[in-house]
Amino acid sequence: MKPHRKIYMIAGYNTVSMGTGRKEFNPKKERPGIEHYLKEAGQGTLMQMGGASHVDEGVVGNFMSARFNKQAHLGAFLGMIDPGLRLKPAISVEGACASGGLALVTGIKSVLSGSAEVVLTIGVEVQNTVKAIYGADILAGAGWFQRRKEGQAYFFPGQFSDRAGAYFEKAGRDKSRKAFARWYKNAIENARLCPTAQEFDNNVEDLEKQGLTEPNPGSFTEHLNVFDCSKVSDGASSIAIVSEEGLKRCSISKVEAVEVVGIGHAADDLTALPDDLTRLSTVAFAVKQALDSAGISPNDLATIETHDCFTIAGILGVEAIGLAPEGKGADFVLEGHTARDGKIPINTTGGLIGWGHPTGATGVHQAVTIWEQLTGKAGASQINIPNDRPYGLTVNMGGDDRTVVAIVFKKAE
Amino acid sequence: MNYSEKLNRISVLGAAGKMGSGILLLSALEVADQMMKPENKGQNFVLNAIDVSSAALSDLMVYIKEQVLKVAEKRTVQLRRLYAHRTDLIENRDVIDAWVADVMSLIRPGTRIEAAYDSTLIFEAVSENAELKTNLFRQINQNNPNQPWFFTNTSSVPIGGLNESARLDGRILGFHFYNPPAVQKLVELIAIPENSADMNEFALLLAKNMRKVVVPSNDIAGFIGNGHFMRDALYGINEALRLKNEMPLHEAIYCINRVSQDFLMRPMGIFQLIDYVGVDVVRFIMKVMDPYMTDETLHSTMLDDLFTKGVKGGQFANGSQKDGILKYEKGRPVAVYSLEKGEYIDFSGFAEKADEWLGELPAATISWKNLVKSPEREQLAAKAFEDYRKSETKGATLALAYAQRSRQIGLKLVSDGVARSNKDVNTVMLTGFFHAWSPVNEFVVK
C-alpha cells in the first residue's frame, strides 16, 4: 500500500525490555505490571510531542494480556496514561507477535482516512508473569489451537526447530549452525550498545561458542538451543503517527521525523501448514508489497529491523527480504553483511534476540529503532545512514509466517 | 529380580522428616517413571508415607506436591510424549497437572506401621536410634509375608548388627542419602555378606535411576561420610580448645571456623557444619560410633556441655539455619556461643583482632564458591597449599595441619577397610560434603 497522503512517525520511546539478562530482574520479586509499561511508554511519547492535547486517537498493540496478565480492554488504559486522553477514541489490536505492526498499520489507516491527524500508538506485553513453560502455552495461541496437541512443549521453538531442520538439508547443518551463532553474536553485540536492551549487561566473551551449544531435544528442541531464541520480555514501545498537519500541530520539524513511504500487510491461512519450511512466503509477499509501494529495492535500504524470533527466522528473513538467494542466507550472514559494519546492518539494537521480544510491543519497537537511526538519535548504537540510501525497513511477523507487517521508512525531507 | 515389581509396594518410615521426605520424593519420581512404562501397565504401585506425626504428614504432602510440580515443569518435553495418547491433555499445563496428580495418587500418608505389612521394599529414615530401628524392622518383618527388603538410611549404625537383632536374614542394607536427599548427589551403599546378589543389584540400579553417585562403603560404624566428618569435627573442636591458652574459647572457635572455611576453601567452617547437621545429631552419631572404635575415642565434652545448655543448631522447616555454636543472620554466622557466659558474643567485638592473629589469606587462596566452579580446582588448591607451606602466619599453619589431618583420616578409612579406595573417600567428600578439592591428596604433605 502506498500512502496517498504524507505520513510521518515521531517521538518514539522504548521502555527497558525486562527479563532474564537484565541485572535488576528478579523473577521471585514483585514487578511492575502492564499498566506501568503502558504509562511509561505513552508518557515518553507524549512528552516529546507536546502533550496529550495534540492526540486525536490511540491504538494499543498487544498479543495476550488476557492470559499473561488476566487483563483485556487495553484501549481504555489511555486515560490512565494522561487524563488528556480520556474520552478520545482508542482501540487495541491483536495479531500475535505482529500486534505492534498491526497497531502501526491501524494508526496509519486512521491518518490516511482523515479521521485523525495524530495517533498515539503503543505496543505492550508483560510476559514474565508465568514461567516459560506456561508462557509457551500462551504464545502457542499464535498458531492454530487444533494443532497444539501435536506440537512441542515449547511450541514455537518447536515449529522453528522444524524449519531449521529443513534448512539444514538445503544449506548444510554445519554452516547453518555457524550462521545461527553469528546471528546471535551480532544480536548481543548490538544489544550491548543500547541501554534499554535486555542483553545490555551481557558480558559473555565467546558468543559464537555459546551460540554453537548443541541443541538438547530431551529438554528443549532438536535443532535450536536457547541462544537461538528471542527473549521472554516485559516492555512497551510507543510512537506517534502523524500527518503534515499533525507535525505542525506538535511543532516538530521534519528532521525529527521519519516518513512512511511503503506498507506491506498480509495474513495467510492460520490452519494451513507452510508450503515450504525453508521459506517465509508471507514475509516475502509483504516485504515485496512494501518495497514496491515505496518504489525501491532491497539495495536502497540503509538498515533493517527484522523479526528474528529465532536465529533461523533471521536467516530466512534475509532470504525473504531478497538480500540473498534462497539457501544462501547463512552465507550472507557469515560473510558479515548483516553486522553493524556490514553492507546492510540488521537489528542494530539487538533485535528480538538481543534487545528483547515483548511480543505485542515488538512491531512498534522496530519502528522506534528505525526512527532513531534515520534521525540520528540512536546514541551508541547509531550507524551511518548513507545519503543515497535514506531508507529503513521493518518486518514484523505474527505466528509462524502467518501475519506480516512490513513498513518502509525514509528520512523526512 | 523384577525391578518394577519390587517397587510395587514401598513404605517410607519417618517419611515426614528431612531425610524421609527427600527419600519419599525420589521414590515417588522413580515409581512414576516405572508406572508410565508401557510394559508395566496393569501393575499397581503404592507408596506408603509413614510417620508418627500426623501434622507433619500434612506438611509433607504440600511439600511433595510442590516438588513434583517443579520436576514436571522441567520435564514437560518428555511428559508431552508420555501423554501423547491422552487427547484431553493439550497444553503444557494440562500435561503437568495430570502427571502431578498421577504421582500424588501413588502416595498414601498415614501414621500406622501396619501399612508396611504388605510392602515389598521398606525405606527407613527414622531417628538414629538402633533400638527403635530394630523394633520397627522386627515388627514389620514378623507381620509381612512378602519377605521385604529393608533399606536403612542410617549414617552410623552398623547394618550387620541391625540384621542380627531384627532377624532379617540378610534382607537389609545401608542406603545412605546425604542431606537433603533430593539435591545431594551422593548415596553410600553399605552391603553386608548376608545380602543376596539380587538385592545389591537392585539397590545399585535404584540409586542410579535416582541419578545418584554411588559409593560403596563397608559396614563399619559411621561408614565413609561420618567416618570422616566426625573425626574432622573432633579435630576442629580440639584445635579450638588447644588455642584456649592464647585466647578466649569463643575467639578460638571463630578462628578455627575461619581456618576450616576460608583457608581450607571449604563451603562452610567446621563449626557451621556441626550446626548445619545439628549439635545434638553430631553428638549422637559420635555416641553410636564410639563403641565400635578400637583405637580411638569419638567423644567431645564440649558438645555435651553445649547440648546440656540447649545449644542444638539444626534447621527450621523452611531449611534456614537455627542458631547453634554460632548465631546466624540471613544464613551467615554473626556471633559465637560462649559456654562460660551462656550467651552469644558478636563477631564484631573481636573479629578484627582474631583476623589479625590469623594473618592475611595468601594470594593463591580462592573462595570455595569460585574454586568449586573451576575445572582446575585440584591444581589451584595445591597452589594455595604451596603458599601455606611458605607462609608463617598462624592461619596458614593451622590450615596446613588441618588438611594433613583430614588426609590422614581419609587414609585411615581405607586402611581400616571402611572405604575401598582413596578415590571413594574423595568422592564422598567432593560429592556429599561439596568439598572443592580431594582431601586424600599428595599436595598437603609435599
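Chain B has 18 helices and 11 strands. Helices (H or I, at least four residues) and strands (E, at least two) are DSSP runs, numbered from the N terminus. The model is predicted: local features need pLDDT of at least 70, side-chain atom pairs count only at pLDDT 80 or more, and totals for chains, interfaces and linings use all residues. Residues are numbered from 1 along each chain as its sequence is written, while chains are lettered from A and ligands numbered from 1 in the order in which they are written.

**Chain B as a whole**

The C-alpha trace of chain B spans about 70 × 50 × 40 Å along its principal axes. Of the 446 residues in chain B, 47% are buried. A residue is buried if 20 or more other C-beta atoms lie within 10 Å of its own, exposed if 12 or fewer, and partly exposed in between, with C-beta atoms placed from the backbone.

Two residues are in contact if their C-beta atoms, placed from the backbone, lie within 7 Å. Among contacts in chain B between residues at least 6 apart in sequence, 68% join residues at least 24 apart.

**The two domains of chain B**

Chain B is divided into domain 1 (3–217) and domain 2 (225–432), with bounds that come from an automatic or database domain assignment. The centres of the two domains, taken over C-alpha atoms, are separated by 33 Å. The contact takes 15 residues from domain 1 and 15 residues from domain 2. On the domain 1 side, the elements that give two or more residues are β7 (186–190) and β8 (213–217) of chain B. β8(B) gives the most to that side, with 4 residues.

**A strand in chain A**

Strand β2 (residues 57–61) of chain A is mostly covered, with 5 of its 5 residues buried. A:Glu57, A:Val59 and A:Gly61 point one way from β2(A), and A:Gly58 and A:Val60 point the other way. Two strands pair if DSSP finds at least two bridges between them. The table gives two partners of β2(A).

| Partner of β2(A) | Sense | Bridges |
|---|---|---|
| β4(A), residues 118–126 | parallel | 5 bridges |
| β3(A), residues 90–93 | parallel | 4 bridges |

A:Val60 stands opposite A:Ile122 in β4(A) and opposite A:Ser92 in β3(A).
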